[in-house]
Amino acid sequence: MGRTIPSFRIAEAQEMAEWKAFRTALSKHDKAVFDDMLGIARLYLSASSEATRPSRFEGMGMAIIFHHYRMLARSLLRVSELRQEGVGK
Amino acid sequence: MRGWLFDLYPGGPGEMVVWLKGEDGRTHRLVDHWSPSIFIAADEISELATPLRVARSDFVLTREARRFERITDTAMSTVIEAKLRDAKRATQVAARIEAMGPFGAFRLYNVDVPTNQSYLYEHEIFPLAHCEVTQGDDGLQWGLSDDVAAYEYQLPHMSSLKVDVEVDKRGRIPQATDSIGRIIIKHDDEEIVIAEGDESDKLLGLVREVRRIDPDFVLTKDGDTFLLPYLIRRAEAHGISDQFRLDRDESVLRLPAKDGTSYFSYGKILYKPSSIKLYGRVHIDVNSSFAYGEAGFEGLFELSRLCRMPMHTSSRASIGKALSSLQFYHASKRGLLVPWKPTLSEVIKDRNELLAADRGGLVFEPIMGVHEGVGELDFSSLYPNIMLRKNISAETVKCGCCPSSSNRVPELGWNVCERQTGLVPSAIEIIVNKRLKYKELKLSAKGTSNYKKYNERQAVLKWLGVTTFGYLGFNNAKFGRIDAHIAVCAWDRKILLDTMRIAEAHGFRLIHCIVDSLWLKKEDGKLTEPGEYLKLRSEIEERTGFPLSFEGEYKWIVFLPSRENPATPVLNRYFGVDWSGELKVRGVEARRHDTPLSFKKWQMEIIRLLAEADSRDEARSRVSDCIGVFLRCAESLERHEVPAAELAFTTNLSKDPSEYHVNTVQSAAVHALESEGVRLHAGEGIHYVITDYKGRGSKRATPLDAWNASSSYDARRYIELLARTCAAVLEPFNPKCSASHLLSMHMSRKIVPLS
């Protein structure tokens, strides 16, 4: 008995390990950016786990896209607020 | 004769020895003529003729009986009940019968149920039960005047004695060949030191004192791993082993037949030493007794009574083993056999169903940082309550009798039996009810001597409840099935997600959630109105149907990042203080079992200083006082004022000592112990002090047992580690208060203002 499917935390670490070769080909600066990007997936582990997609990369990819969209939406809102306050006119 | 059942174990073939603490204050040895039964089944009962004929000398009698063979059976089958001539041969007899046919042809039951537990189940009695015993023609007759479900019960007067030994070490570590220095006995307020004469005199002096005091409990530290094996070996060395008798049965104390066992549990290798039993007394090795360590004597008594396990067994057993005993009792009451080799497999699932089903409880990663005005809500015994209220058990999930049941597992839609209560819910009902009652009694007994009693009893029941869930999915559990485990997790996710939605509708934001606990605060940092959390709690209870407790509102609480990756949140690593001033600290160094004692003490001193603050800003203003604590402690390390025992790291060996090849401080300590002749096993715990972190080989660390006046710890390394420990709890309040900043302040001997 016991679990057959690893928890999303473990699955995600396995997926990250599989992208090691991609990471190796990046410059030192880009490696840090790449690590940051993959780290975003860890912020949405519960949601990725709830999604129960057969490919673990789907959950991770959606988490990264969602996080970037969220940041973009917040940035646009802030830009709009600053414009209303007259900043940059 | 009236009294309390104290101990029982198989004597000679066909005998059960029972010790009774009489109402007359004396301890009585009784012998019952009784043998346990094993059960044998085959597809056709006639197929059993040959094995029964071959093994007939091992049985007192054999007869047909009607029993449920498998937990999922809805009708009883005809099986053979075979009463054993010698209970100690149950496994050999069973193995012999099983080998007479292909696997599964001869199915064996109740083979590994401990004999004394079978006796308790069959006679409906339990350890420390108040009862009346009479000698009948067929053996002892038991009249029970006690109730296992009682919250208040009278216990006999019982005495305890502590034994310790000082060894005249020739090397740095005590060895079995070293002589006995002194034997120290503590009984009530009396301390008896046996130091006169040669070793034989000392050993026989111990025997005399134990006989004179006649304790019920003998408490030792490392009695299983060192103390008693050492004394037995010394008695052998002097040719007096036949006189070395410490139990009430006056039997010769012997070394266990086999070494302990290393085993894997929840990602860790652990070691369990073989126990040394004192017949008619209870030997408690305080360092290897989970129940006594977690819940004291009252917890041990409650566990033994409830699970119907002799106290010696329950003092050493894992909680899972105790839970199994409770399940075996309930199985025996409903005529269900206990499989020797369980073969119940999980229900076949396709890929998509497996993906949806095979998940744990709900976890929501914490929002890292310092938060104010956070409230904590905890579901009370959530998993046991799910099993109880939703009737989750191996045989009830996807049962064949109720395909259109209205009791469905969320997300998965599996049916759950509506006709019959499952074995697991039947067994845990008493755990859930008694724990709830003891918690109430504990609260009402605050400030009285009963507080400790109720607290210890509820603590042991808490562990039983936790284990119930794990045992549903444990591969060695006799009545487990992963589908039942999956069903509990599915219910947990539904309940927690529903709770999140309700909280959001009340204007709360979820800060963290893990399985059965939630941390919430008002959106946009608004303050809660008085009673708002209680109102939320009532609505959650009403809508989910599960009891919830409001643990309090924190003045501030910190959710910490991962130590490896500061951008990543981790579960169960936080500390905070509520408005009553109560601290809650989880996962930080102060709570970890491997942290040196002094580091735990110092980190807690810092947390307490911060806890005096009512807000995040106020706590931030106290950071410089906390840095003062760090500087003071670093200086005492530098001056070598801290005792080695307070700097020792504790760790369990994750592998066999011969497999340690990389030069780490831990492997240095392992090799140092081995070179002193100590035999270690995977899973065993060791304590060591770092002596030269940057050195090579065994110089890097010294085992605490080998520490002597010439040993010296690596102060520089300890100061580095202290800086990390202090920074872990200070950085969230001031990001500039990093370990490197603390170290530079120590080097310059001054507090540098942190803007």
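Axes are lines fitted to C-alpha atoms, for helices over the stretch in contact, and angles run from 0 to 180 degrees between N-to-C directions. Helices (H or I, at least four residues) and strands (E, at least two) are DSSP runs, numbered from the N terminus.

This is a predicted model, in which local features need pLDDT of at least 70, side-chain atom pairs count only at pLDDT 80 or more, and totals for chains, interfaces and linings use all residues. Residues are numbered from 1 along each chain as its sequence is written, chains are lettered from A in the order in which they are written, and side-chain values use heavy atoms, with hydrogens and water left out.

**Helix pairs in chain B**

Helix α19 of chain B covers residues 715–730. Its partners here are α15(B), residues 597–611, and α20(B), residues 739–748.

| Helix pair | Angle between axes | Distance between axes |
|---|---|---|
| α15(B) and α19(B) | roughly 30 degrees | within 10 Å |
| α19(B) and α20(B) | about 130 degrees | 8 Å |

Angles under 35 degrees count as roughly parallel, over 145 as roughly antiparallel, 65 to 115 as roughly perpendicular and the rest as oblique. Therefore α15(B) and α19(B) are roughly parallel, and α19(B) and α20(B) are oblique. A crossing is right-handed if the near helix is turned clockwise from the far one by less than a right angle. The crossing of α15(B) and α19(B) is right-handed. That of α19(B) and α20(B) is right-handed too.

**A bent helix**

Helix α6(B) runs over residues 290–307. A straight helix of 18 residues would span 26 Å at 1.5 Å a residue, but the end C-alpha atoms of α6(B) are only 15 Å apart. The expected span is 1.5 Å times one less than the number of residues. α6(B) bends by about 125 degrees at Gly296(B); the bend is the angle between axes fitted to the seven residues ending there and the seven starting there.

At the start of α6(B), a side-chain oxygen of Ser289(B) comes within 3.1 Å of the backbone nitrogen of Tyr292(B). Arg308(B) follows the helix, with a positive phi near 55 degrees. Of the 18 residues in α6(B), 14 are buried (under 20% relative accessible area, with a 1.4 Å probe and protein chains only).

**Two buried residues**

Lys277(B) sits in the loop between β15 (268–272) and β16 (282–285). It counts as buried because its relative accessibility is 18%. Its side chain makes a polar contact (N or O atoms within 3.5 Å, one able to donate a hydrogen and the other to accept it) with the side chain of Asp7(B), at 3.3 Å.

Val79(B) belongs to strand β6(B), residues 77–84. Val79(B) is buried, at 0% relative accessible area. Its C-alpha atom is 37 Å from that of Ala291(B), 212 residues away along the chain.

How values were computed. Buried means under 20% relative accessible area, exposed over 50%, partly exposed in between (1.4 Å probe, protein chains only).
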